[in-house]
2 protein chains.
Amino acid sequence: TAASAVASRSNFLFVCLFLFPLAYDTWCGVAHGCTKKIGLKICGFLQRNNSLEDKSRLVSAFKERQSSRNLLACENSEKEGRFQKTETDFSNLYARDLLPAKNGEEQTVQFLLEVVDILLTYVKKTFDRSTKVLDFHHPHQLLEGMEGFNLELSDNPESLEQILVDCRDTLKYGVRTGHPRFFNQLSTGLDIIGLAGEWLTSTANTNMFTYEIAPVFVLMEQITLRKMREIIGWSNKDGDGIFSPGGAISNMYSIMAARYKYFPEVKTKGMSAVPKLVLFTSEHSHYSIKKAGAALGFGTENCESQLKKMNFTIELLLCFSLQGYIPLYVTATAGTTVYGAFDPIPEIADICDKYNLWLHVDAAWGGGLLMSRRHRHKLNGIERANSVTWNPHKMMGVLLQCSAILLREKGILQGCNQMCAGYLFQQDKQYDITYDTGDKAIQCGRHVDIFKFWLMWKAKGTVGFESQINKCLELSEYLYNKIKNRQEFEMVFEGEPEHTNVCFWYIPPSLRGMPDSEERREKLHRVAPKIKALMMETGTTMVGYQPQGEKVNFFRMVISNPAASKSDIDFLIEEIERLGQDL
Amino acid sequence: TAASAVASRSNFLFVCLFLFPLAYDTWCGVAHGCTKKIGLKICGFLQRNNSLEDKSRLVSAFKERQSSRNLLACENSEKEGRFQKTETDFSNLYARDLLPAKNGEEQTVQFLLEVVDILLTYVKKTFDRSTKVLDFHHPHQLLEGMEGFNLELSDNPESLEQILVDCRDTLKYGVRTGHPRFFNQLSTGLDIIGLAGEWLTSTANTNMFTYEIAPVFVLMEQITLRKMREIIGWSNKDGDGIFSPGGAISNMYSIMAARYKYFPEVKTKGMSAVPKLVLFTSEHSHYSIKKAGAALGFGTENCESQLKKMNFTIELLLCFSLQGYIPLYVTATAGTTVYGAFDPIPEIADICDKYNLWLHVDAAWGGGLLMSRRHRHKLNGIERANSVTWNPHKMMGVLLQCSAILLREKGILQGCNQMCAGYLFQQDKQYDITYDTGDKAIQCGRHVDIFKFWLMWKAKGTVGFESQINKCLELSEYLYNKIKNRQEFEMVFEGEPEHTNVCFWYIPPSLRGMPDSEERREKLHRVAPKIKALMMETGTTMVGYQPQGEKVNFFRMVISNPAASKSDIDFLIEEIERLGQDL
């Protein structure tokens with residue numbers, strides 16, 4: 001399967017890959033407590049065994065805590081149990097009647113409980129296959145005010161009753177991204193633990209820049225980043241990382257880190273103080289690399305486009321060097337956006353090692369597979385990267401946003417970005433200020449993205465993520481096997497998909513059997529957009545489409561929603577056939 | 001007061017400012033419906049009158065909608081009313097028992113209601129002055145596991161009971177940033193409407209990049225940005241803007257926009273293709289300008305540092321030009337981080353006009369004052385800026401994160417950042433694709449930051465924000481008047497504060513009357529950190545401190561929390577005296 005997937009690869013990839021996949025037995029051995037060095041290294045995500053002594057200490061501490069917790073829980077439930085919804089007339093209540101208003105407590109509780117009712121109704125419907133994925137309206141329709149849903153802002157306040165109506169309407173005219181038949185993006189699903197985590201995060205309403213005001217969240221971030229680095233397989237204990245507002249920014253960090261490592265003077269003197277630097281990336285890499293290249297002052301011409309249609313070889317590097325360019329950075333993609341293809345990291349790493357280039361692995365989409373003993377071999381060699389982008393908000397089903405940039409070496413992020421703002425990062429605080437991580441970021445204030453992820457990990461365990469991910473990959477295999485030999489469908493790339501991306505054309509009856517021609521291509525190009533428009537208008541399902549290179553518009557199915565089942569895959573295929581039969 | 005505040009200004013500012021403040025009467029006139037051109041232009045935030053015809057149409061539509069709403073509300077409340085908490089044993093329930101699990105509905109509802117109980121308890125305590133602001137622990141203490149609060153992640157799942165305990169503990173060891181006595185940052189408070197908005201946002205769990213999956217939020221963003229541009233006073237209707245992950249990124253956008261406007265070739269060819277560009281900023285500007293200068297390839301030496309101790313004059317510009325540098329961009333700060341000072345925008349704008357420089361106004365902190373007819377004169381001239389950073393999550397009390405970058409000219413953001421990713425921004429969609437705003441961003445996925453803000457605006461109206469902001473400024477005036485002449489305190493800058501920043505030293509008894517000397521300065525430098533440490537350990541209040549230039553550590557009080565009252569100001573002062581009396 002590995003070799004047959006080559007056709008789906010980006011252009012600069014080598015053919016020879018996955019030479020040493022680990023047998024499944026090896027993994028099982030590790031899972032059952034094997035502490036062989038190789039096991040530990042590869043399976044960083046399996047918690048190391050504690051010594052017996054440690055264990056008994058932990059158990060007694062646990063028991064103690066459980067009993068004290070139970071007491072506490074009783075106390076709390078007594079206190080907390082009193083939040084009961086009562087009939088409240090919100091038509092004469094306004095924001096100003098809520099806390100901090102005097103005697104605003106009861107109204108506040110009733111208002112928030114009413115909001116929660118709206119949200120719980122929405123959550124239930126999200127998982128209900130008899131509801132629509134969306135109720136589509138054009139921008140001008142929504143702007144004109146659907147059934148009085150007025151989006152305009154005004155000088156004077158609206159009543160809380162109206163605010164509740166606004167909340168219902170906002171959800172009504174939105175898209176249910178957690179619906180089992182929503183396949184439109186790499187981020188789908190609505191994880192209930194993650195949702196609870198986000199509700200808590202917004203209630204805590206704090207900022208990640210200092211330990212001072214986010215002590216628990218800062219520690220959770222450190223612990224989670226360390227765990228992720230272990231799973232990547234970096235053997236050193238003191239790597240680095242940070243959660244950023246999405247994979248594009250994470251990728252931007254990787255380029256900044258590479259530049260700072262090799263040319264720290266850019267920080268003070270700018271890009272004009274150094275030779276022309278080149279970033280290497282595969283043609284199918286995510287567009288954010290190019291975006292970052294433009295923003296950071298490299299210029300897009302010094303990023304991807306020079307590599308199109310060429311192979312990434314030593315000769316190519318030398319060619320650039322001779323022209324006065326300095327090759328700086330290579331990004332391999334672990335799970336491309338459209339095809340879900342994995343670049344052969346070991347071969348790329350060999351060249352990077354030899355020529356002292358920074359190796360970044362963009363595993364925004366594929367990183368989740370590291371949690372699966374069955375699939376992580378697709379990212380073999382990732383432990384040789386200098387930096388890794390990994391978005392838990394994609395394959396791991398964490399709520400938006402949750403993206404990590406991870407670095408093998410400590411200190412680079414700090415060196416690259418720190419400006420030592422005296423009003424935030426005072427050096428004479430009473431606590432260990434190495435926990436003030438804000439100066440590593442290109443942001444100042446930073447949203448708390450960690451808690452939902454940490455809570456999900458607690459609630460599912462590593463094994464929970466693993467089975468969730470395996471299930472999604474099984475579903476895509478099911479889809480692939482279902483359509484690969486049917487005359488109604490044509491696959492976009494040869495071989496089995498490596499990730500959950502299944503790319504295909506639907507061939508309407510009018511085009512079946514027609515030989516390849518410009519006319520057929522033009523007609524086929526219009527099929528996917530038409531079906532997609534009909535899908536959205538009927539609201540039954542959503543799936544993405546796009547052209548790629550010379551390939552006309554095709555559907556890209558992706559499965560990252562644990563709520564999806566075989567019946568949903570069946571539904572999608574039938575729906576495409578139904579909507580497309582007359583095209 | 002304007003002239004007396006000069007001492008608090010950054011170094012490159014002119015002395016002559018606020019020559020033409022608008023009389024308060026003018027504002028009142030406008031408020032009462034005056035549609036004189038100047039009124040409209042300056043008070044863009046007041047909704048324009050609709051014609052009578054429009055009005056009657058609106059009223060009847062409103063009535064119709066109210067009656068249909070009531071019906072709908074009944075339907076909904078019937079459905080929604082059934083979410084009642086019941087006794088549930090969570091000790092044998094796990095994440096896998098929640099939706100999408102078969103029959104997971106009831107457990108899901110009960111679990112989320114239990115979480116809401118925890119959150120409502122927290123909300124109530126947040127506003128309760130008899131509770132602490134925080135329960136401080138050192139990193140190593142939390143890492144060791146406070147009362148069994150185990151931050152480590154494991155392979156196996158925890159029960160939902162344990163997850164609920166984890167939620168309680170997370171809040172317990174955190175910081176109540178909405179507490180009326182939390183003054184530590186520019187973002188404080190816990191707005192209940194905003195909180196409801198965030199809960200809904202996370203439940204909707206979608207992404208801002210396309211209209212396709214965030215139709216309502218995309219329109220809300222457009223409408224809110226337009227409203228903000230009107231309030232700034234830009235007369236053209238088609239400016240631009242985007243919500244970004246914080247003020248630092250908004251400031252970064254402004255530099256990128258300026259560079260693209262004057263040197264679009266940087267996008268493709270990089271910074272080495274253009275002459276050395278210089279960014280001008282005041283010494284007290286936010287450190288994010290420098291951070292962005294480093295990231296974008298300008299180099300920090302070409303940002304701020306060359307301007308320290310110099311005046312921003314035409315001579316200076318010429319001096320740079322003669323050395324082969326090209327002055328590109330000037331940022332004026334409207335509300336500096338520490339002093340809350342406002343740069344004289346009109347004078348800076350004159351020079352920018354004359355020499356064709358991009359003028360950015362960083363009003364991340366001061367932007368909120370635009371909502372106040374009493375205080376917006378402090379930002380006079382802002383309508384001459386090319387771009388403005390304005391963070392509603394600061395002075396307007398919106399929950400984190402909510403920051404806008406606003407541009408006078410349309411198309412620059414798009415031109416600067418677009419990469420036309422085919423898988424997201426298909427050109428053959430069925431709807432008007434100008435509503436797909438994602439390619440304007442440096443991000444790909446983008447968090448929904450708009451809804452809470454839009455909902456707050458709906459619930460408070462423009463006038464609600466105005467009174468909230470006026471109240472905060474009145475409180476800071478109260479604080480200033482209370483301590484300015486007391487021997488226990490010394491003010492850091494002369495004159496009345498322009499924003500809510502009140503900067504002062506507490507002089508402990510041992511230092512009172514001691515003449516200025518190196519010894520006294522050293523001792524005084526240690527006072528604020530010591531008091532702050534004691535504050536945090538007792539958990540009674542929090543306020544920031546820092547040194548600035550040659551000034552030793554001083555307290556910076558800021559008030560942005562609508563829950564704060566005079567009694568809290570009194571408390572803060574007494575607490576500082578109590579904690580500092582023996583120093």
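**Figure 1. A:Pro100 sits in the loop between helix 3 (52–80) and helix 4 (105–126) of chain A.** What you're looking at is a predicted model: local features need pLDDT of at least 70, side-chain atom pairs count only at pLDDT 80 or more, and totals for chains, interfaces and linings use all residues. Residues are numbered from 1 along each chain as its sequence is written, chains are lettered from A and ligands numbered from 1 in the order in which they are written, and side-chain values use heavy atoms, with hydrogens and water left out. Helices (H or I, at least four residues) and strands (E, at least two) are DSSP runs, numbered from the N terminus. Going from A:Leu99 into A:Pro100, the peptide bond is cis, with omega near 10 degrees. Over in chain B, the B:Leu99 to B:Pro100 bond is cis, with omega near 10 degrees, and B:Pro100 lies in the loop between helix 3 (52–80) and helix 4 of that chain.

Figure 2. As background, most residues other than glycine have a negative phi, and most peptide bonds are trans. With a relative accessibility of 51%, A:Asn356 counts as exposed; the cut-offs here are under 20% relative accessible area for buried, over 50% for exposed and partly exposed in between, using a 1.4 Å probe and protein chains only. B:Glu147 is partly exposed, at 48%.

**Figure 3. Strand 2 (residues 240–244) and strand 7 (residues 403–407) of chain A run antiparallel, with five bridges between them.** Two strands pair here if DSSP finds at least two bridges between them. Five of the five residues of strand 2 are buried, so the strand is largely enclosed by the rest of the structure. In a regular strand the side chains alternate between the two faces of the sheet. From strand 2, A:Asp240, A:Ile242 and A:Ser244 point one way, while A:Gly241 and A:Phe243 point the other way. Strand 7 is mostly covered, with five of its five residues buried: A:Ser403, A:Ile405 and A:Leu407 go one way, and A:Ala404 and A:Leu406 the other. Strand 7 has another antiparallel partner in strand 6 (residues 387–390), joined by four bridges, with A:Val388 partnering A:Leu406.

**Figure 4. An open five-strand sheet in chain A has the order 1-10-11-9-8, with mixed pairing.** Strand 1 (182–183) and strand 8 (489–491) stand at the edges with a single partner strand each, so one side of each lacks a neighbour in the sheet. Strand 1 pairs with strand 10 (residues 542–548) in the parallel sense over two bridges, and A:Phe183 has A:Val543 as its bridge partner.

**Figure 5. A:Asp568 and A:Arg181 form a salt bridge, with the closest N and O atoms 2.9 Å apart.** This pair joins helix 17 (residues 566–580) to the loop between helix 6 (160–172) and strand 1 of chain A, 387 residues apart. The rule asks for a side-chain nitrogen of Lys or Arg within 4 Å of a carboxyl oxygen of Asp or Glu. A:Asp568 is buried at 0% relative accessible area, and A:Arg181 is buried at 12%. Across all chains, the search finds 62 salt bridges.

**Figure 6. B:Lys482 meets B:Asp570 in a salt bridge at 2.8 Å, N to O.** B:Lys482 belongs to helix 15 (residues 450–483) and B:Asp570 to helix 17 of chain B, 88 residues apart. B:Lys482 is partly exposed at 25%, whereas B:Asp570 is buried at 19%.

**Figure 7. Where chain B meets chain A, 180 residues of chain B are in contact with 180 residues of chain A.** Contact means heavy atoms within 4.5 Å. The buried area is about 16,000 Å², 62% of it from carbon and sulfur atoms; that is accessible area (1.4 Å probe) lost by the two parts on being put together, summed over both. Twelve salt bridges cross the interface, among them B:Lys458 with A:Glu158 (3.3 Å, N to O). Helix 4 (residues 105–126) of chain B gives the most to chain B's side, with 18 residues.
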